[in-house]
Amino acid sequence: MLELESTAFKQSSGINAEYGCNGLLYGIPDYLINKLQKVQNSCVRYIFGSNTVSKWDRISPFLKQAHFLPIQRRIEYKIALTTFKCLNNMAPSYVSNLIKPKAPSLKDLRGDEDYFLLSVPPVPHLKQTERSFSYCAPTVWNSLPYKLRTLTDIRVFKSVLKTHLFKKAYEQ
């Protein structure tokens, strides 16, 4: 029953929106993230029922039990997944053309350079520019562990990425 209701929540809330939507949410002010988080929390309270979760209970254990990423981590998940699709030729070219691999440094003569990093554009002058896919995708991608950035199978990538973000969210 929990799986059915959580699947219905994910589909009805528009969380599965494809390319670009999560770039709009990346970098929005915390007070707006908090509003979205309250919606997710309400959905979790509905899924578990008012007998299980009271209005004053901490919601994090229930989010964890339902395997929901908090909104901020969910945004990072979708951006990282879209970036993975771009790098593995699974996304439209108009999206893939927005990101560029980081050029190898001529100064660094070591053989252990990380070739799985993306080039982050110069620091934007406008706050809104930080929310563009060409800026947020490399930022999110480069923050992932090396082991995660080197995966090539999308199913494995999704699983390891969600586990990574899940640990980051709930094991602070």
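Predicted model: local features only at pLDDT ≥ 70, side-chain atom pairs only at ≥ 80, totals over all residues.

User: What share of the residues of the protein counts as buried?
Analyst: A residue counts as buried when its relative accessible area is under 20%. The protein has 172 residues, and the share of them that counts as buried is 36%.

User: Which residues of α3 are buried, and where do they sit around the axis?
Analyst: Helix α3 covers residues 30-48, and from its first C-alpha to its last it reaches 26 Å, close to the 27 Å expected at 1.5 Å a residue. Its buried residues are Ile-33, Gln-37, Gln-40, Asn-41, Val-44, Ile-47 and Phe-48. Because they cover an arc of only 110° around the axis, they lie on the same side of α3.

User: How are α3 and α5 oriented to each other?
Analyst: Two packed helices are described by the angle between their axes and the distance between the axes. For α3 and α5 the angle is about 100°, and their axes are 9 Å apart. The residues that meet are Ile-33, Leu-36, Gln-37 and Gln-40 in α3 and Ile-71, Gln-72 and Ile-75 in α5. With an angle between 65 and 115 degrees, α3 and α5 are therefore roughly perpendicular.

User: What is the orientation of α5 to α9, and what is the handedness of their crossing?
Analyst: The axes of α5, residues 71-87, and α9, residues 154-170, come within 10 Å and cross at roughly 155°. An angle over 145 degrees counts as roughly antiparallel, which makes α5 roughly antiparallel to α9. The crossing of α5 and α9 is right-handed.

User: Which residues of α5 make the contact with α9?
Analyst: On the α9 side, the residues in contact include Ile-154, Phe-157, Leu-161 and Leu-165. On the α5 side, they are Arg-73, Glu-76, Tyr-77, Ala-80, Leu-81, Phe-84 and Lys-85.

User: Why is α7 described as largely enclosed by the rest of the structure?
Analyst: Helix α7 covers residues 133-142, and its buried residues are Phe-133, Tyr-135, Cys-136, Ala-137, Pro-138, Val-140 and Trp-141. Helix α7 is largely enclosed because the buried ones number seven of its ten residues.

User: Is His-67 buried, partly exposed or exposed, with what relative accessibility?
Analyst: His-67 lies in the loop between α4 and α5, and it has a positive phi of about 60° although it is not a glycine. Most residues other than glycine have a negative phi, and most peptide bonds are trans. His-67 counts as partly exposed, because its relative accessibility is 48%.

User: Is Asn-89 buried or exposed, and what is its relative accessible area?
Analyst: Asn-89 is found in the loop between α5 and α6. Although it is not a glycine, Asn-89 has a positive phi of about 55°. Asn-89 is exposed, and its relative accessible area is 72%.

Terms used. Residues numbered from 1 in each chain as written. Heavy atoms only, no water. Helix = DSSP H or I, 4+ residues; strand = E, 2+ residues; numbered from the N terminus. Expected span 1.5 Å × (residues − 1). Buried < 20%, exposed > 50% of the residue type's maximum accessible area, 1.4 Å probe, protein only. Arc of directions from axis to C-beta. Axes fitted to C-alpha atoms, helices over the stretch in contact; angles between N-to-C directions. Parallel < 35°, antiparallel > 145°, perpendicular 65-115°, else oblique. Left-handed = near helix turned anticlockwise from the far one by under 90°. Contact = heavy atoms within 4.5 Å.
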